[in-house]
Amino acid sequence: MSKFMEIEADTFDVSPFRMIGKEWMLIAAEKEEKVNALTASWGGLGFMWNRNAAYIFVRESRYTKEFIDESSTFSLNFFDHKKHAKMLSYMGTVSGRNEDKIAKAELTVNHAEGVPYFEEASVVMVCKKMCSQPVRPENFNMEEIDRMYYGDKDYHTMYIGEVVSILKKED
């Protein structure tokens, strides 16, 4: 079992642009004692309602969305992208509806504060869901967004979660 140490959010000084947009993350949630996860590269980190916050976006069609909707928590799992690129790609293209993709990806589920995360991650953010909001085309200020990213009309829901803890794998 890997050892993680909790770090203060103020000391976490990694670029979210690289970490989320280029290296990706797995969003994990649990319902009825089953864990599911998906790869995501859209989101952000910041400060909202006097809390450290993470912003994630999940398409309506994704199986993991059901898990996030049913739970009050979720985790963001960040990996060494070079070492785990194949797994991250697999987790983003295969549905947990059709197979046990966590087992096939050889990921080990553990829990922190009752929230599922993956032992193979290098950084884990444990989040408590604060808000969810469907993304709708009438709210776009740039018309091309709908055309470029939602031709199939499979819109996202935005979730804002309070980052209640950040776990970093000990070296």
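Predicted model: local features only at pLDDT ≥ 70, side-chain atom pairs only at ≥ 80, totals over all residues.
I take helices (H or I, at least four residues) and strands (E, at least two) as DSSP runs, numbered from the N terminus. My residue numbers start from 1 along each chain as its sequence is written.

**Whole chain.** I looked up the secondary structure and noted five helices and ten strands in the protein chain. The chain is as compact as a globular protein of 171 residues, because its radius of gyration of 16 Å is close to the 16 Å of the globule rule (taken over C-alpha atoms, the rule being 2.2 Å times the number of residues to the power 0.38). Along its principal axes, the C-alpha trace spans about 45 × 40 × 30 Å.

**His-156.** I found His-156 in strand β10, which covers residues 156–169. His-156 has a relative accessible area of 5% and is therefore buried (buried is under 20%, exposed over 50%, partly exposed in between, with a 1.4 Å probe and protein chains only). Of the 171 residues of the chain, 43% count as buried. I also looked up Gly-96, which is 60 residues from His-156 along the chain, and the C-alpha atoms of the two are separated by 18 Å.

**Glu-113.** I placed Glu-113 in the loop between β7 (109–112) and β8 (115–118). Its relative accessibility is 56%, so Glu-113 counts as exposed.

Technical notes
Heavy atoms only, no water.
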